[in-house]
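Dear colleague,

I am passing on the structure that we spoke about, together with some notes on what turned up when I went through it. Please read them with the coordinates open beside you.

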Amino acid sequence: FNIVMKALANCKENGAAEKASQLLRRMEQSYDKESTLQPDIFSYNIVLDAFSRIGDAESAEKLLQRIYDRSERGAIAKPNAHSYTAVLSAWARNGDGKAVATTRAEELFNDFERKYAAGETDVQADTSVYNALINVWAKSGERKALYRVTQILSTMEELGLQGGDDSVAPNSRTYCAVLDCIARSRNFKAYNKALEVIQRMEDFYSEGHESVRPCARAYSIVISTIARSRKRDKAVKAQEMLRRMESEYVKGNSAARPTVYSYNGVLNAAAFTSGDERDQEEAFRVACLTFDELRISEYLQPTHVSYGTFLKAIRKLMPDSEIREKLVTSVFRRCCKEGLVGEMVLREMKALSSPDFYQSLLEGYDTKLGIPPKSFSANVVERDYDWRE
């Protein structure tokens, strides 16, 4: 039964979670009729995971309560940390109401803590439970989210990293979830908070805590947070964060190897730099250097987003001139050759150039009504290249 339920839980077909739930019911009914077949906690957790994957928090909570009810009548299965993690994760993915999600998540967590304090040792909160609670808040968009996730992180650091309780120590996933929440918050404190959290992550790792190894995703989220700030020097600061990633990677932290998202984040910071002429000149210098480094990288290559963002930086930071026209021509032709002319590139080209100039760039190619040939976009995967992925 567990194998079949697991297969159903892992498949993406509509109604798979309900089918797994029905199998679990059959196991319960069979046991109630004096059969020796009895669902264990693994059986229940499989179905809880299935509800979690589709964000069906209400069904997950009802099942959790059913486990308790049957346990009181003598059944062997008792909820554990995995059970609560699954229900909390279901609330994180639930789309019916973010305020409801955070309220129910906190109530579940408090209930979990009370049961452990009362002597139910099966329900001790661990890292996965804390991470799930952080995720509920991180995805809620509530104003209180930034305060709450940093509070939870501090608790985990105090108990786990400083207090020696490895079962609740934060890991890289914890820090990424907190940084994600900071980035989503749009709070004026986001810039400083993100720098503070990544610094704590680096410090704990340097002290020997392997679980908090700084990773590319964490650094990329910080770069994106910098890019969204209103700092006049955000392009330089984003570039400095990229350098920190590279330094970590060179020192032996393979998880910190920069990704294309990291470079795109720096390009984005440059493209949206405001300020005086000097600020914009410095931002353009950062954009050019970053794009060139990405282009000649031994392990990375630009995407259509890289080209589109660099063209945006040219449009917003470089005065209209013959030099700009030559640069745009060179970049666009290279983009065409690499098959990376996506919609973002086309939008920027139309904003950058006159119709006549744009058409002149297509001369010599097989075009219809000014539409570039399919070979120009052969390597484009139109998706949202984002630091959250």
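Buried means under 20% relative accessible area, exposed over 50%, and partly exposed in between, with a 1.4 Å probe and protein chains only as cover. On that scale arginine 53 counts as partly exposed, because its relative accessibility is 43%.

Two points on how to read these notes. This is a predicted model, in which local features need pLDDT of at least 70 and side-chain atom pairs count only at pLDDT 80 or more, while totals for chains, interfaces and linings use all residues. Residues are numbered from 1 along each chain as its sequence is written, and side-chain values use heavy atoms, with hydrogens and water left out.

As for the overall picture, the chain has 18 helices and zero strands, where helices (H or I, at least four residues) and strands (E, at least two) are DSSP runs numbered from the N terminus. Of its 389 residues, 51% count as buried, and the C-alpha atoms fill a box of roughly 85 × 50 × 40 Å along the principal axes.

Turning to surface charge, arginine 53, which is found in helix α3 (residues 41-53), belongs to a patch of positive charge that also takes in Lys6, Arg53, Arg93, Lys98, Lys139, Arg173 and Arg217. A negative surface patch is formed by Asp69, Glu72, Glu120 and Asp122; of these, aspartate 69 is found in helix α4 (residues 57-72) and counts as partly exposed, because its relative accessibility is 31%. Patches here are made of residues with over 30% relative accessible area and no salt bridge, like charges being joined within 9 Å and nonpolar side chains (Val, Leu, Ile, Met, Phe, Trp, Tyr) within 5 Å.

The whole structure holds 26 salt bridges, a salt bridge being a side-chain nitrogen of Lys or Arg within 4 Å of a carboxyl oxygen of Asp or Glu. Helix α6 (residues 98-117) contains both arginine 104 and glutamate 107, three residues apart, about one turn of the helix, and their side chains meet in a salt bridge at 2.0 Å, N to O. Arginine 104 is partly exposed at 24% relative accessibility, as is glutamate 107 at 39%. In helix α6 there are also aspartate 111 and lysine 115, four residues apart, whose side chains form a salt bridge at 2.9 Å, N to O; aspartate 111 and lysine 115 are both buried. Elsewhere, Arg25, Glu28, Asp32, Arg66 and Arg70 are linked in a network of salt bridges.

Arginine 213 deserves a look of its own. Its side chain meets that of glutamate 210 in a salt bridge (2.7 Å, N to O), and it also makes a polar contact with the side chain of asparagine 253 at 3.3 Å, a polar contact being a pair of N or O atoms within 3.5 Å, of which, within protein, one must be able to donate a hydrogen and the other to accept it, with residues adjacent in sequence counting only if both atoms are side-chain atoms. Asparagine 253 sits in the loop between α12 (234-250) and α13 (260-271), and counts as buried because its relative accessible area is 1%. A polar atom of its side chain lies 2.8 Å from the backbone oxygen of proline 214.

With kind regards

Technical notes
Accessible areas come from the Shrake-Rupley method with a 1.4 Å probe; for residues, only the protein chains shown count as cover. Lys and Arg count as positive and Asp and Glu as negative; His and the chain ends are not counted. The place of a charge is taken as NZ of Lys, CZ of Arg, CG of Asp or CD of Glu.
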